[in-house]
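The sequence and the structure come first, and the report follows.

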Amino acid sequence: MSEAEGKPAEKKGAARRKPTFDPRLAEYRGVWVFVERDLSGVHPVSWELLGAARRLADQLGSEVGAVVAGVPEEALDVDSREAIAYGADVVYQVGHPVLAGYRNEPYSKLLCELVKRHKPEILLLGATSLGRDLASSVATTLETGLTADCTELAIDRESRALAATRPTFGGNLLCTILTLNYRPQMATVRPRVLPSPAKVRDRSGQIRKEEIELHEEEIVTKIAQFLPHVGDQVDLALSEVIVAGGKGLQKAANFALLEDLALALGGEVGATRAAVQAGWIDPQRQIGQTGKTVRPKLYIAAGISGAIQHRVGMESSDLIVAINTDPNAPIFEVAHYGIVGDAVALLPLLTRAVRGRILPEKATPSGLCASP
Amino acid sequence: MRGPNIVVCVKQVPDSAQIRVHPVTGTIMRQGVPAVLNPYDLFALEEALRIKDRLGGRIVALCMGPPQAEAALRKALSLGVDDAVLVSDRAFAGSDTLATSFALANAIRRLSEEKPIDLVFTGKQTIDGDTGQVGPGVAKRLGMHLLSYVCRIPILDMDSGTIVAHRWTERGVQVLTSRLPCLITVLEGTSQGRFASLPEMIRAARQPIRVWDRKAAGIEDLTKIGLKGSPTVVGKVFAPSRRSERAECIEWEPDHPETAVALLWEKVLARQPEWAAMASADARKDGEEARSE
């Protein structure tokens, strides 16, 4: 729901409430990150968040905490040490057999208890299927403020509060949201919105093992099975090259032209909301405010006009190339290079040029740790 | 076997695809932007309707919003929902997701006094707030089991009160078993939605919609709703900054598009030295291969 309609009344409210600060809130200190883990390891968004947490904590003169939870095994310690290398001062480690696979009940219970025990000032989570599920439940239980999908995190000088900036109205406006009289201040950030911090192997930090009472028989929801995605499942957020198409491609069949180019570049195909809604391509490939946020090394926008709702999902890409028939299309405002022309005609030429080794096919190093 | 008693939460939203920002003042131009039923809620409605098709039961659509949000409920009625409740009160103005979940949870508790609720459905998020926080919040407040991002419900057994749901995650699908009552947020693209038939549309236009103010929704505590009940406050609203320079457009002759393409790649490679190095290495290798052939 809209937490930020930007009505004048709300702005006035913010100004009015600013000076009051409940002294009890001063007990809350530290910037925490919930580290998202699964069988394949830690989700990179957690490291990105630790980078942000480090900056915020340094500004506040406080510590960075990382919550690392899962079944008791070697990986828990490995991931805890990684969290320290990425910027955590203290790792709050919870090992328990019921934590195999994410479930809302035990995870929200453990996170709420840790927050009550140690009172962090700020709590950050990734805006993933897990992070959104968990953050919403925890914020509701603790009755505190949660700001989703932030694109920028800073400290408001006047109030020392977390200033969480997020797009609103489909990305047409940005608004900065503060949680003044409630703690912890919670926020989620999508993967790839923040740069990945440098890993410092010899950083020192403390690992604290935390006991949380959890009992399998008290947890109603059970994981009967996990079915890994097969076939056309990509994580666009991690792709280094993306070739995206919009309404300007005119029909579903022309998306094959995108696929050819993406294949030649070792990249992935993305799309605008309009193209997805037209049924031309799978919703998993939608980029923008209601889709994914990406920051590849190369983004090629073919037949995309550049509506704001799309731009917010791709404008931090390293290099943006746009092809559009309309020289006034807003996509040219975010692109680095443009060709005014019909993408349907130009895409095959681009593909041919790439196949002719003007650009290498192995242009995309595999792996998650692209340089920021 | 009795059919399930279902609540579907819906929201009326401005069609964000049609929102424009005033080029000078940087404020939202609301005029003429149509309000629509949140598109993600259509998937929640469809999932509920399919369950009703199969097992019978009853569906109530619940919406919080200004009086004109009634239109969203009419749309839900036209698709086959049995009853509609609009929770509307000036005291709700300025509610963030925490305050909204409080109000909706109270209204659902009210509805469950009429008849116990088995299932609550919501969309995965709205297109205006985009937070996806209200559904899970309502679940927590009602003490219902939360099943989020559900893409399939293969089993719903009313006798034993068990449900099996497929929950989408980035890496795969969790097959979860849980117990009723539960709250399900439905993933988009799970099903082809239905269209309203003409008789249903006529019925929907005529059917009375129940409008509840805060008291009717069972809300006594004013500190839990509206601005007072909202921990988050909007500090600043501003237009995104534009990069100062526009794209460098590549000039080309209509008869020679290949020159534009070649020039473009040259520029791309100039910005990506790593790739340029790989490209020249490849070109050398190709040259050697060509010679040896």
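In chain B, helix α3 (residues 97-114) packs against helix α4 (residues 134-142) at an angle of about 50°, with the axes 8 Å apart. That angle makes α3(B) oblique to α4(B), as under 35 degrees counts as roughly parallel, over 145 as roughly antiparallel, 65 to 115 as roughly perpendicular and the rest as oblique. Axes here are lines fitted to C-alpha atoms, for helices over the stretch in contact, and angles run from 0 to 180 degrees between N-to-C directions. Helices (H or I, at least four residues) and strands (E, at least two) are DSSP runs, numbered from the N terminus.

This is a predicted model, in which local features need pLDDT of at least 70, side-chain atom pairs count only at pLDDT 80 or more, and totals for chains, interfaces and linings use all residues. Residues are numbered from 1 along each chain as its sequence is written, while chains are lettered from A and ligands numbered from 1 in the order in which they are written.

Now to the sheet of chain A. Seven strands form an open sheet with parallel pairing, in the order β7-β11-β6-β1-β4-β5-β12; two strands pair if DSSP finds at least two bridges between them. β7 and β12 of chain A stand at the edges with a single partner strand each, so one side of each is left without a neighbour in the sheet.

| Edge strand | Residues |
|---|---|
| β7 (chain A) | 146-147 |
| β12 (chain A) | 206-209 |

Strands β6 (residues 122-126) and β11 (residues 185-189) of chain A run parallel, joined by five bridges. A:G126 is found opposite A:V189 of β11(A).
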